[in-house]
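Here's a walk through one protein model, stop by stop. Have the sequence and the 3D view open as you read.

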Amino acid sequence: MKKFLLSMMVFVTVLSFNSCSDSNANQDPNLVSKESSEMALKDFGKTVPVGIEKENGKYKVSFIVSAQPFQIKDSKDNEAYISMIEQAVKDESPIHVFMKGNTTEIAKVEKATQDDIRYFKSVLTKETKSDNSQKLASVIPDLATLNSLFTQIKNQSCGTSTASSPCITFRYPVDGCYARAHKMRQILINAGYDCEKQFVYGNLRASTGTCCVSWVYHVAILVSFKNASGVVEKRIIDPSLFSSGPVTDAAWRAACTNTSCGSASVSSFANTAGNVYYRSPAGSLLYDNNYVNTNCVLTTFSSLSGCSPSPAPSVSHCGF
């Protein structure tokens, strides 16, 4: 009797195993391929595309806040996605984006919900919101003070700073310039000064000295100071590109189009009030007056340096 029961158990186990094998063997290979492809997609989140242009058999796409360029192949399979992106750029409206694996290639696009559309319409504005900066000095009194402020800012760099607040990710230029610039302004505010910001747009390439990065825009703080003759001049502070001191905005833009890293050009640039967190190429503005997004982005990138990883880690959890 025991031998009979044991034989039955073996028979049932083998039957069960064969059934599973047959089930996998009979599964539609196209369905398996589709499921594998879907699993490989990375959810980039819901965001607003602010630019799309055809380039070398694909389209280069830019999104609000992120300085990284993204791509989508110019193919029949992507026609509907490309059309959706183009319309979203025109309407300044969000879409739900999925990337191909750990790349900057757009694999899939979905429509956003009405709630998503209402949210992004509420945070994008054409107006400069006021803050407490009117109580601050708009001009730094002399070059010595400017250089002292530069040193304070540079010393907040990740890897050297011991401050309790998030360090500034000058060592990781792949993305996050918007957060770096906003944190630099906060240091100026704490010292009693305000600044402007300059946004530069285009096919930008910059060198760290050891590697190259590509951007669709870059931003840094633009400060005013009095020179030895008492004449007011303006300088850019951006230790991610210039670690030795403030530079003219022309020199800064030239560093953003370093042709040793490949073809590069500036399409436009604009100065804004210092409290502007992000400016789209069309002139729409985002703000982060409470530094929630700023601190979150800097914290996310704080342990990174050089040009890797690229693409940068997702900061969708930080908002926008």
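## Around Thr104

Start with Thr104: once neighbours within four places in sequence are set aside, Thr104 is in contact with Pro69, Phe70, Gln71, Met99 and Pro311 (contact means heavy atoms within 4.5 Å). One of these gets a polar link too, as the side chains of Thr104 and Gln71 make a polar contact at 2.8 Å. A polar contact is a pair of N or O atoms within 3.5 Å; within protein, one must be able to donate a hydrogen and the other to accept it, and residues adjacent in sequence count only if both atoms are side-chain atoms.

Is Thr104 buried or exposed? Its relative accessibility is 16%, so Thr104 counts as buried; the cut-offs are under 20% relative accessible area for buried, over 50% for exposed and partly exposed in between, with a 1.4 Å probe and protein chains only. Thr104 lies in the loop between S5 and S6.

A word on the source: this is a predicted model, where local features need pLDDT of at least 70 and side-chain atom pairs count only at pLDDT 80 or more, while totals for chains, interfaces and linings use all residues. Residues are numbered from 1 along each chain as its sequence is written, and side-chain values use heavy atoms, with hydrogens and water left out.

## The sheet on either side of that loop

S5 and S6 belong to an open sheet of three strands, ordered S1-S5-S6 with antiparallel pairing. At the edges are S1 (41-47) and S6 (106-111), each pairing on one side only. From one strand to the next, the twist averages 20 degrees. Helices (H or I, at least four residues) and strands (E, at least two) are DSSP runs numbered from the N terminus, and two strands pair if DSSP finds at least two bridges between them.

S5 (residues 95-100) is joined to S6 by five bridges. Across that pairing, Phe98 stands opposite Lys108, and the charged end of Lys108 sits over the ring of Phe98, 5.3 Å from its centre. That label needs NZ of Lys or CZ of Arg within 6 Å of the ring centre and within 35 degrees of the ring normal. Arg253 does likewise with Phe269, its charged end 3.8 Å from the ring centre.

Next comes S8 (residues 212-226). Twelve of the 15 residues in S8 are buried. S8 pairs with S7 in the antiparallel sense over ten bridges, and Val200 stands opposite His218 in S8. The S7 and S8 hairpin has four residues between the strands, and Gly209 takes a positive phi near 105 degrees there.

S8 also pairs with S9 (residues 232-237), again antiparallel, over six bridges. Phe225 stands opposite Glu233 in S9. How many residues sit between S8 and S9 in their hairpin? Five, and Gly230 in the turn has a positive phi of about 85 degrees.

## Aromatic pairs

Rings of Phe, Tyr and Trp (its six-membered ring) pair if their centres lie within 6.5 Å; planes under 30 degrees apart count as stacked, over 60 as edge-to-face and the rest as tilted. The count comes to ten aromatic pairs. Tyr178 and Tyr277 have ring centres 5.6 Å apart and planes at 90 degrees, so they are edge-to-face. Tyr178 is in H6 (residues 177-190) and Tyr277 in S11 (residues 276-279), so this pair ties together parts 99 residues apart in sequence. Both are buried: Tyr178 has a relative accessible area of 2%, and Tyr277 comes in at 1%.

Phe199 and Tyr217 are a stacked pair, 6.3 Å centre to centre with 25 degrees between the planes. Both Phe199 and Tyr217 are buried.

## Phe301 and the whole protein

Phe301 is found in H8 (residues 292-301) and is buried, with a relative accessible area of 1%. Not counting residues up to four places away in sequence, Phe301 touches several residues, including Thr169, Tyr172, Asp175 and Val315.

Overall, the protein has eight helices and twelve strands, and 45% of its 320 residues count as buried.

Definitions and conventions. Axes fitted to C-alpha atoms, helices over the stretch in contact; angles between N-to-C directions.
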